[in-house]
Amino acid sequence: MTDGEWGVVGRPWDEPSAEGWGDPFDDALALANGTAPPRVRPGTGPGITAVTAPYAAGGAVAAASSSTGGGDAPYTPDDPFAPDDPAAARSCPSGPVDPTPPTGPGPRPTPAAVAWHTARRLAERAAPGPLAPETSALGATLGRTLAAPLTALTDLPSFDTSAMDGWAVAGPGPWRLDRPADASEAGPPSGILAGHAPTEALLDGHAIPIATGARVPSGATAVLRSEHGEVRELSDGGRRLYAPRPAPPGQDIRPRGQECRRGDQLLPAGALVTPAVLGLAAAAGYDELTAYRRPRAEVFVLGDELLDEGLPREGRIRDALGPMLAPWLHALGVEAAAPRHLADEADTLYAALAESTADVVITTGGTASGPVDHVHPTLRRLDAEVLVDGVAVRPGHPMLLARLAPRRHLVGLPGNPLAAVSGLLTLAEPLLRTLTARCPAAPDRTPLAAAVTGHPRDTRLVPVAYRDDERYGLTAVPLRFHGPAMLRGIAAAEALAVVPPGGAARGTELEILELPWSAGWSPGRPAPGDPYDPPEATGGRA
């Protein structure tokens, strides 16, 4: 099943439900915010009934099939979804839950996790469109998206230019070699240089030295490359240029307008401004470009147990998310300040969110229902609209997306590092793609180099690296060290594989999520036997 084929009720997005259900996104939004009544539909087995019901405006709905409580279940790192996992045997609730809204940071009704593909589409649709465009100097638009087509302001090239060092010649050879009017009598003639316009027409049967990029004089019919010509001295003190073969008209001349004519559209609106686009814009005559504004993001790292420097000590650990999130957001086209570390205090978080003017706020930790998990209560205090409250994905299912105000959003990431990466890819990246007007990456599917164990019901995101396989060609190698609190696997990864519930066998083609920097910062393919190679003893399970 691919993204967009099936909705949350097991039917194509564009196919109406026999039960009369509406748009799955509208359903999910209504349920997440307590604006829809409980609805019951038949299950897939005898006597099974799945019930969804809101518990309060501001966030959660009834317990769902993928929930295990406040955080990720304690799976073992090398085989996180073993058959004896207690979460695998946990059944879905068969009746409604108490919809009474929670009033504090303590336990609350477990939210119904949204299907992974649905969550990504909800995040993509959370904002009505990109931020307002603005006109900036060329260099300031790098990494942004064009808000208007890039139209040539001049012909390119704007005059006939020489494509090679050599001689501009007129007519068939041999040619009498002219000395430029401004050249000195002493030394070899310099000829026509780039940036200097010739002042005289070239007469038939004559030639003049010319440099690459120089303007071709009127009357010239071709350029003879320096390695193809021979200069001979004449008895009268002049010089004559000979060529072993004729110089056909137009040879090694870039004619005016060869690349484009003034008014031609060079790039459409929506194109990403890359270094090459900056070069093209400058060549086409631009000093400024109109591009969509970069979203401004604030990152709040929550947790009294986190250290900003030094080794872990006295039960406290280093903050791994703070150093990672700002560069990751920059790679997604976002302007992000240095992360702020906030204490685990409800009022502190409330003040930070209430005072923030950022387009997107990213929080880490505090999205579950533990004694110091203040994100949900704070969102209720702020009258925020919760769009996604839990996603059926491992790691990272207690992630959330909320609308703080029109065109201002919050993405709540779990506190475990790899779970936070999952939240970035699931909710933050689609939201930011809309805000920056970036096009989604082309769908990519790659066969697995080894089998991957799946969660019984939820999608898995597994770090992978690429390797050539004799049987399958380019394959995705599942990497070890993929537990929710681990970064070793993702640090060596080139992408993440989207593993469906139940897992996937070797050779299965899976959807692949490329990392923002994978094209340039690839750590390389793992060598057999290194710590990232799938263990043979477990049948290749990662």
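**Before starting**

Residues are numbered from 1 along each chain as its sequence is written, and side-chain values use heavy atoms, with hydrogens and water left out. Because the model is predicted, local features need pLDDT of at least 70 and side-chain atom pairs count only at pLDDT 80 or more, while totals for chains, interfaces and linings use all residues.

**The whole chain**

Display the protein chain as a cartoon. Its secondary structure comes to nine helices and 30 strands; helices (H or I, at least four residues) and strands (E, at least two) are DSSP runs, numbered from the N terminus. Of the 542 residues, 47% count as buried, where buried means under 20% relative accessible area, exposed over 50%, and partly exposed in between (1.4 Å probe, protein chains only). A contact means heavy atoms within 4.5 Å. Among contacts with a separation of 6 or more, 74% are between residues 24 or more positions apart.

Select residues 321–331, which form helix H5. Which residues of H5 are buried? They are Leu321, Gly322, Met324, Leu325, Ala326, Trp328 and Leu329. An α-helix has 3.6 residues a turn, so residues three or four places apart point the same way. The buried residues of H5 pack against strands S16 (296–302), S19 (335–336), S21 (360–364) and S25 (408–413), and against helix H8. After H5 comes Gly333, with a positive phi near 85 degrees.

**The nonpolar cores**

A nonpolar core is a set of buried Ala, Val, Leu, Ile, Met, Phe, Trp, Tyr and Cys residues joined through side-chain atoms within 4.5 Å. Select Leu329, Ile362, Leu401 and Val411: of the 50 residues in the largest nonpolar core, these touch the most other members. Helix H8 (residues 417–436) gives the most to this core, with 10 residues. Now centre the view on Val411. Leaving aside residues up to four places away in sequence, Val411 touches Val360, Val361, Ile362, Thr363, Leu400, Leu401, Leu427, Ala428 and Leu431. A second, separate core has 16 residues, including Leu302, Leu349, Val386 and Leu404.

**The cavities**

A cavity is found on a 1 Å grid over the protein atoms alone, as a set of points where a 1.4 Å probe fits but cannot get out; lining residues have an atom within 4 Å of a point. Grid points are joined across faces, edges and corners, and a volume is the space filled by probe spheres set on the points. How many cavities of 30 Å³ or more does the structure hold? There are two.

Select Leu302, Ala343, Asp344, Glu345, Leu349, Gly366, Val372, Asp373, His374 and Val375, which line the largest cavity. The space inside is about 40 Å³. This lining has five nonpolar, two polar and three charged residues; Ala, Val, Leu, Ile, Met, Phe, Trp, Tyr, Cys and Pro count as nonpolar, Asp, Glu, Lys and Arg as charged, and the others, Gly among them, as polar.

**Arg144**

Stay with Arg144, in the loop between strand S4 (133–137) and strand S5 (150–151). Is Arg144 buried or exposed? Arg144 counts as buried because its relative accessibility is 6%. The side chain of Arg144 reaches the backbone oxygen of Tyr292 at 3.0 Å. Among the residues that Arg144 touches are Glu134, Ser136, Ala271 and Arg294.

**Backbone features**

Select Gly173 and Pro174, joined by a cis peptide bond with omega about 0 degrees. Pro174 is in the loop between strand S7 (166–169) and strand S8 (175–177). Another cis peptide bond joins Arg394 and Pro395, with omega about -10 degrees. Pro395 is in the loop between strand S23 (391–394) and strand S24 (400–405).

Next, select Asp252, a residue other than glycine with a positive phi, near 55 degrees. Asp252 is in the loop between strand S12 (239–242) and strand S13 (253–254), and is buried, with a relative accessible area of 17%. Finally, select Ala437, in the loop between H8 and strand S26 (445–447). Ala437 is not a glycine, yet has a positive phi of about 65 degrees; the residue is buried, at 18% relative accessible area.

Key. On a 1 Å grid over the protein atoms alone, a cavity is a set of points where a 1.4 Å probe fits but cannot get out, and a pocket is an open set with protein on both sides within 12 Å along at least five of seven lines; lining residues have an atom within 4 Å of a point. A polar contact is a pair of N or O atoms within 3.5 Å; within protein, one must be able to donate a hydrogen and the other to accept it, and residues adjacent in sequence count only if both atoms are side-chain atoms.
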